[in-house]
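Biologist: Before we talk, could you put the model on the screen, so that we can go through it slowly together?

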Amino acid sequence: SMHSAIRRIASIYHWKTETLDNCYSVLLDRHLAFSGFFKKNWKIPDSKLRLKIGFEYELEQIHFFVALFNQLESEVCRKSLITVLPEMGMSNAILKGKVEWVEKRIFRVEIVASSFRIRNQLELDLTDLISDESSETAR
């Protein structure tokens, strides 16, 4: 994490780290995070719903999830995709990955040129979130 890198530099130069550690503790206590969705979205086969990949950057990890949206662009539900350590370029590796529907309700992202410590394929079964009836009646 950024905090660890700054502490390492501080130890090399013999800087005091008390203020840095206090700030870090305050950030952890406040659970500061940055979250949102990538612009791209995908139509779910045989459904009126669309899928977007979302993210939540925290101090020590990044959560990626998928969210389903109805025709009014309101979020219907979400499901976790993967949680990883923050690394430079992680979002691009997932966003630029090849996305496909393996089956009617199974979503796959193939990570391109990944040098990260994650699988090259992320697969998510959305059957529990999408029933054929709910797809027909999505607002």
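**Strands, a helix and a surface patch**

Modeller: Arg-108 stands opposite Glu-123 in strand β7, where strands (E, at least two residues) and helices (H or I, at least four residues) are DSSP runs numbered from the N terminus. This is a predicted model, in which local features need pLDDT of at least 70 and side-chain atom pairs count only at pLDDT 80 or more, while totals for chains, interfaces and linings use all residues. Residues are numbered from 1 along each chain as its sequence is written, and side-chain values use heavy atoms, with hydrogens and water left out.

Biologist: How many bridges join strand β6 to β7?

Modeller: Two strands pair if DSSP finds at least two bridges between them. Strand β6 covers residues 106–110 and runs antiparallel to β7, and the number of bridges joining them is five.

Biologist: Which side chain meets Glu-123 in a salt bridge?

Modeller: A salt bridge is a side-chain nitrogen of Lys or Arg within 4 Å of a carboxyl oxygen of Asp or Glu. The N to O distance is 2.7 Å, and the partner is Arg-108.

Biologist: How far apart in sequence are the parts that this pair ties together?

Modeller: Glu-123 lies in strand β7 and Arg-108 in strand β6, so the pair links parts of the chain that are separated in sequence. Salt bridges that share partners also join these two with Lys-98 and Glu-100 into one network. The separation of the parts tied by Glu-123 and Arg-108 is 15 residues.

Biologist: How far apart are the end C-alpha atoms of helix α2?

Modeller: The expected span of a helix is 1.5 Å times one less than its number of residues. Helix α2 (residues 18–30) has 13 residues and should therefore span 18 Å, which agrees with the model, where the end C-alpha atoms are 19 Å apart.

Biologist: Is Trp-15 buried or exposed?

Modeller: Trp-15 lies in the loop between α1 (2–13) and α2. Because its relative accessibility is 51%, Trp-15 counts as exposed.

Notes
Buried means under 20% relative accessible area, exposed over 50%, partly exposed in between (1.4 Å probe, protein chains only).
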